[in-house]
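Take a walk through this protein and its ligand. Start with one residue, then widen the view.

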Amino acid sequence: METDTSARALHLLQTVFGYPAFRGQQGQIVEHVGNGGDALVLMPTGGGKSLCYQIPAMIRDGVGVVVSPLIALMQDQVDALAEVGVRAAFLNSTQSYEEAARIERLVRTNQIDLLYVAPERLLTQRCFDLLQDSQIALFAIDEAHCVSQWGHDFRPEYIKLSVLHEQFPNVPRIALTATADQLTRDEIIHRLALNDAAQFVSSFDRPNIRYQIVEKTNGRKQLLDFITTEHAGDCGIVYCLSRKKVEETAEFLNEHGVRAMAYHAGMEHAKRADNQARFLREENIVMVATIAFGMGIDKPDVRFVCHLDLPKSIEGYYQETGRAGRDGMPASAWMSYGLQDVVLQRRMIDESEADENFKRVLSTKLDSMLGLCETLSCRRVRLLEYFGEPATPCGNCDTCLIPPVSFDGTVPVQKLLSAIYRCDQRFAAGHVIDVLRGAESERILTWHHDKLSVFGIGADRSEQEWRAILRQVIALGLVTVDHEQFSSLKLTDAARPVLKGGQKVQLRQYQKPVKQKRSSSAP
Ligand code: ADP
Ligand code: ZN
């Protein structure tokens, strides 16, 4: 029985999909689900999740029902399957009643191998009736992390998918995701009642992606430099936090000779769909987008993914950067981040409507992200450790290629903390740095801050250096920014042991941005 399944699976892989062999754990997963087992599959973007349910659905009798939130991509997925002769169809809100009725007839008469359904559709009585009348090979729950309330892709309907198990206890279920931190993993298992499912955790390493995180001085300009020196003519994605910034950045790139388009949820639907189609079709094009763009996009030759703003979490960052280099060829993940990013993200958490518990989770996630940005060791090691995967320095990230210099920052940090304290914790970053550097601004004179003992004690460092120190101090949790009070800087309890002496602080040396030569050897 078992060997029979794997022989049939391999046969389908080769004759239908045209691939010589299974990749990674695909073979084991296909065999397990093909034989009726439940599975939780954690595999990075581009790892080959689709075949893990497509082939078992073909091996088993009946229709394989694929739950997916990606309505916009269902047509493409179905077309791609039809091309290789797999009988696939979808049911979602974009269809006419007649078309849906036609598909339903085909499902009832067992003439469909794979049926893609949006979760809100699946949960209707009409769909349940259909499934009760039909033979079901399996349920595949794609993008299963959408069940996680902590994630940025949360879909409330996903939580209700637990009814599948209750209503169809004998149908195997396979949940798949590219997001794999422990919290999300536990939540998927719990919410979808997958306690007894076999877990298949692939390596999340993407060795062909080179990670780079630079200090933001002039983000757009740095981005342009990066694209023109390292990726001229390549296809890429640039993520920005706001819609406005998406528009501005796309325009800026176009003005400077980089072909760019915009994508965000505020755009007209047709325009958005159009830009997405162009991105998939064309070469030498850059998509500037909010994180609304990208889930399910399968374009193998995306050579770079840039973040102009700090992402909220490592999961988000890793998923977004994972869209680069799906073809396995060298690709880049580049990010610029600065003090403002830290301040802004903290503010978004503080000002969100979420309850305290939720805020705490968001805050922990942000801290991990900041830890990645400020790390003195290999970025990849940090990333993989976050996903619970041991790793050794990779030789293909900025900190491996140009090791950052660290220094004992205790004295400058003490100066900074004192300046914040002497300014009564009522002033924002710019002012405090002016005080440290001994600038005789009007504001300083008005407040007589030139008379403070800390005035000018940091004149030996540039404003940029002080910003870098402040950023790290905020990342370390020694200082917070009070958004209710003109973004004034405040000391936390953690600042005390540093101020009073005793506790040392190791900092990352501010490095003037230097152009990084692209090494010719592929990883
Ligand atoms: P994911 O859903 O995990 O992001 P996909 O299922 O879209 O990944 O697969 C990513 C790419 O890898 C696709 O282009 C797919 O055709 C290809 N692929 C998947 N499995 C194999 C395999 N065994 N051999 C060769 N290519 C594969
Ligand atoms: Zn490295």
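Leaving out residues up to four places away in sequence, Leu 310 touches Tyr 337, Asp 341, Val 342, Gln 345 and Met 369. The model is a predicted one. Leu 310 sits in the loop between strand β12 (302-307) and helix α14 (314-321). Is Leu 310 buried or exposed? Leu 310 has 22 other C-beta atoms within 10 Å. The cut-off for burial is 20 or more. Leu 310 is therefore buried. Asp 196 is 114 residues away along the chain from Leu 310. The C-alpha atoms of these two residues are separated by 37 Å.

Ile 112 is found in the loop between α5 (97-108) and β4 (114-117). Ile 112 is buried, because 22 other C-beta atoms lie within 10 Å. Which residues does Ile 112 contact, leaving aside its neighbours within four places in sequence? They are Val 63, Arg 87, Ala 88, Ala 89, Leu 106 and Val 107. Take Ala 89 from that list. Ile 112 and Ala 89 are 23 residues apart in sequence. In space, their C-alpha atoms are 7.2 Å apart.

Next comes a pair of helices. Helix α19 covers residues 410-422, and helix α22 covers residues 463-475. Their axes are 11 Å apart and pack at an angle of about 85°. That angle makes α19 roughly perpendicular to α22. From α19, the contact uses Pro 412, Val 413 and Leu 416. From α22, Ile 469, Leu 470 and Val 473 take part. By class, this contact has six nonpolar residues, with no polar and no charged ones.

Step back to the whole chain. The protein chain holds 23 helices and 17 strands. Its C-alpha atoms fill a box of roughly 85 × 45 × 45 Å along the principal axes. The radius of gyration is 26 Å. A compact globule with 523 residues would have a value near 24 Å, so the two agree. Of the 523 residues, 44% count as buried.

Finish at the ligand. How many residues are around ligand 1? There are 14. Tyr 19, Arg 23, Gly 48, Lys 49 and Ser 50 come nearest. The shell divides into five nonpolar, six polar and three charged residues.

Notes
Residues are numbered from 1 along each chain as its sequence is written. Chains are lettered from A and ligands numbered from 1 in the order in which they are written. This is a predicted model: local features need pLDDT of at least 70, side-chain atom pairs count only at pLDDT 80 or more; totals for chains, interfaces and linings use all residues. A residue is near a molecule or strand if its C-beta atom, placed from the backbone, lies within 6 Å of it. Ala, Val, Leu, Ile, Met, Phe, Trp, Tyr, Cys and Pro count as nonpolar, Asp, Glu, Lys and Arg as charged, and the others, Gly among them, as polar. Helices (H or I, at least four residues) and strands (E, at least two) are DSSP runs, numbered from the N terminus. The radius of gyration is taken over C-alpha atoms; the globule rule is 2.2 Å times the number of residues to the power 0.38. A residue is buried if 20 or more other C-beta atoms lie within 10 Å of its own, exposed if 12 or fewer, and partly exposed in between; C-beta atoms are placed from the backbone. Axes are lines fitted to C-alpha atoms, for helices over the stretch in contact, and angles run from 0 to 180 degrees between N-to-C directions. Angles under 35 degrees count as roughly parallel, over 145 as roughly antiparallel, 65 to 115 as roughly perpendicular and the rest as oblique. Two residues are in contact if their C-beta atoms, placed from the backbone, lie within 7 Å.
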